[in-house]
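Trainee: I am new to this structure and would like to understand the words used for it. Could you take me through them?

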Amino acid sequence: MMSTATFRIWRGNASGGGFKEYRTEVESGMVVLDVVHRIQATQANDLAVRWNCKAGKCGSCSAEINGRPRLMCMTRLSQLNLEEPVTVEPMHTFPRIKDLVTDVSWNYRVKERIPKFVPRKPDATDGTWRMQQADVDRVQEFRKCIECFLCQDVCHVLREHHLHDKFIGPRFLVYAAAMEMNPLDTQDRLGDLRENCGIGYCNITKCCTKVCPEEIKITDNAIIPLKERVVDEYYDPLRRLFKVFR
Amino acid sequence: MPEYQKFEFDVLVVGAGGAGLRAAIEASAAGVKVGVVSKSLLGKAHTVMAEGGMAAAMGNVDDRDNWRVHFADTMRGGQYLNNWRMAELHAKEAPARVKELEAWGAMFDRTKDGRILQRNFGGHRYPRLAHVGDRTGLEMIRTLQDHGIHQGIDFHMETTVLTLLKDGERCAGAFAYDRERGRFKLFHAKAVVLATGGIGRAFQITSNSWEYTGDGHSLAYHAGAELLDMEFVQFHPTGMVWPPSVRGILVTEGVRGEGGVLRNKNGKRFMFDDIPENYRSQTADNEDEGWRYTQGDKSARRPPELLTRDHVARCIRREVKEGRGSPHGGVFLDIAWIKEKIPNAAEHIKKKLPSMYHQFKQLADVDITKEPMEIGPTMHYVMGGVKVDAETQMSNVPGLFAAGESAAGLHGANRLGGNSLSDLLVFGKRAGEFAAKYAKEHGAGEIHNDQVEETACWALAPFERGPGGENPYAIQHELQEMMQDLVGIVRRQEEMERALERIQELKARAARAGVGGNREYNNGWHTALDLRNLLTVAEIVALAGLTRKESRGAHFRDDYPQKDERWGGVNLAVSKGADGAARIEEIPVKPMPEELKQVIEENK
């Protein structure tokens, strides 16, 4: 079934730009990335879009579709009202490079700063560990993350308050949680989370959870338990007393 | 002289998927200075899409498993055209590579006694694939990435290599551009490791990501390396077929490993109709035995749905061609039926195959816990690649190494599922190790400016031709359609000859490709530059396919439908002749040592 639709795509670069309208044919079953590709191949050869797998597994094609942070490859046209023009624009939280492509390198720098995973000594002589599935389930949820950075994009601490140098954002709280809750890990990141990662800035509005394409319960399962651990470690009077005498 | 930034490395790794990252980690552990360039952002490479798992004979689920069985399975799957030494190293070293990932933070699914769980897969005699649900590739790439960023490796993301630089016979580095700004970068390196993956974007229906434009294959070929086994292109039996925009996206073999079955439109399990002779003794002859196998019954043989990919793909094609296919030109893959067998089947399916559940729900409005999926073959993998030394992974060009999908040898005529991720780890490590060794033992080669100038001039030409030139996207689409039609899953002489003619025409058009705009993140320009690699590999696949006059493994010819003993003893190598034309050569398979022959015998 073929019909036509109008897409308003943001064109421009770091110094500025605006929406440009494209009319194109669409078929049932298409996703937004298909439309962007069709426009690119036929009307705007130099249109910049970042993508890889087109199967929701790599997290490259993050953008804002009708104002909502989403993966272009997983947004079907049937979910959109095609009577009206569909707007597609780059993520707002990161510097613009060109058209739909943003500079997400800040995320990679943040990750490097977080103390890495260091396992305890192996449980068996062949250098392996024993863990029950129930113990790894929780961490496996966090490791589903495809690093699309949509949670970073929607987080108001970053998006509106631009506290990129004080707050690592939901993605990296999930990353830290995955290591903190890994039964094998021996590192202590709680001090780092409080001092350098700005975990206190998160006020649990759960916007990140809502946009996660992997349906990770970012706030409930990662951030809140981490906050509790930090609180227990630094603000529990008994523990503080214990620390003094340790 | 063109403007460029210059970087100095001991080892330059091209590609940041499983093989590239593993190579970089190993090289940097050897104490040399390592750079990695990748076309996309870190952690996005095609490895991320691998689903089922990595094969390693750890024997955690079935203690009858060991490297000897894995070796024999791999050789049988590859129809004995594999480099047997690579198959041996792979089977022996894979368990250590998997365990190492756990030490770096990977979280595999567990057995009841807390060890790494292993699952069934096509062509593997015992449950052998370490996995994390159906997102094993993501787990692997993230583990390597998160470990690698603390190893002092210099990453150049979104950077594409245009050419390898030569100093006489040896490799001296690479000339590249960054995709963001379009600036040139020169990497002066003592050793270069190619880990660029495959060639899927030369075909129309593929499970591969956009990056798979055959860069490593083509760069190596133009630098004088030999490519081996290029006629062997694997079509995975189960890709999505509907809606059209998702056609080709992979549906993991894990679905069949968990008990999923293939049926035609009459509801018949057609895989029982055609079981190849060399697999008959290992294959179930009734539905009940097949089911018991997937549920861990050690006395049962595996269901015919888990035969090798080449065979299953051809059976599906036959059903469709003979009018027994599904509404959108595929067949049915049914996992929902297991509700007849186990309680809470829907939950079980969602737990074991979460990505598949979401993929079908979101992209096709199909609930796989309730209804069957429609699937059909999709171009998935190239067994062929750079011919390398089994131990070191060095090509015939000194200082140039290759690992993973861009290298050839391990898989022979057909790769077993699960052997790819373990390939990346085993030979990525070896390539990194020996590239570092090479770098330590040899100084740097010299950079010759004429090569740099020539490449820069060629790379900028599409802008001079401007938007009035040939549309690069149109050329790419035509190539993909043509390869799908003429050099696809079933081949014949006239069609491949026609393909070679069409490739010459497309080459001429690619030389006239033009783009508008500027060098800043210009996808049109990137596409124009990728065309050279795509056309190079397309030509070599067609040429090798035309030359091998038999059907074996993934290479199936309508005009020579049988295996031919003569061809069973040779690999085909393609190299660039002095006149610039492709030269093809038969290389006799090296005889296997007695002890390995015996391993094969005892596992028959």
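Mentor: Gladly! Two residues are in contact if their C-beta atoms, placed from the backbone, lie within 7 Å. Keep in mind that this is a predicted model. By that cut-off, Gly18(B), Leu21(B), Arg22(B), Ala24(B) and Ile25(B) in α1(B) meet residues of α4(B), among them Met140(B), Ile141(B) and Leu144(B).

Trainee: What classes of residue make up the contact of α1(B) with α4(B)?

Mentor: The contact of α1(B) with α4(B) has 6 nonpolar, 4 polar and 1 charged residues.

Trainee: Why are α1(B) and α4(B) called roughly parallel to each other?

Mentor: Their axes come within 10 Å and cross at roughly 30°. Angles under 35 degrees count as roughly parallel, and therefore α1(B) and α4(B) are roughly parallel to each other. Their crossing is left-handed.

Trainee: What makes β15 and β18 of chain B the edge strands?

Mentor: The open sheet has 4 strands in the order β15-β10-β17-β18 (chain B), with antiparallel pairing. Each of β15 (385-386) and β18 (582-588) pairs on one side only. Two strands pair if DSSP finds at least two bridges between them, and 2 bridges join β10 (residues 227-228) of chain B to β15(B). In that pairing, Leu228(B) stands opposite Gly385(B).

Trainee: Which elements give two or more residues to the side of chain B that touches chain A?

Mentor: The contact takes 46 residues from chain B and 47 residues from chain A. On the side of chain B, the elements are α3 (84-103), α4 (136-148), α10 (354-364) and α15. The largest share, 4 residues, comes from α4(B).

Note on methods
Residues numbered from 1 in each chain as written. Chains lettered and ligands numbered in written order. Predicted model: local features only at pLDDT ≥ 70, side-chain atom pairs only at ≥ 80, totals over all residues. Axes fitted to C-alpha atoms, helices over the stretch in contact; angles between N-to-C directions. Parallel < 35°, antiparallel > 145°, perpendicular 65-115°, else oblique. Left-handed = near helix turned anticlockwise from the far one by under 90°. Nonpolar A, V, L, I, M, F, W, Y, C, P; charged D, E, K, R; others polar.
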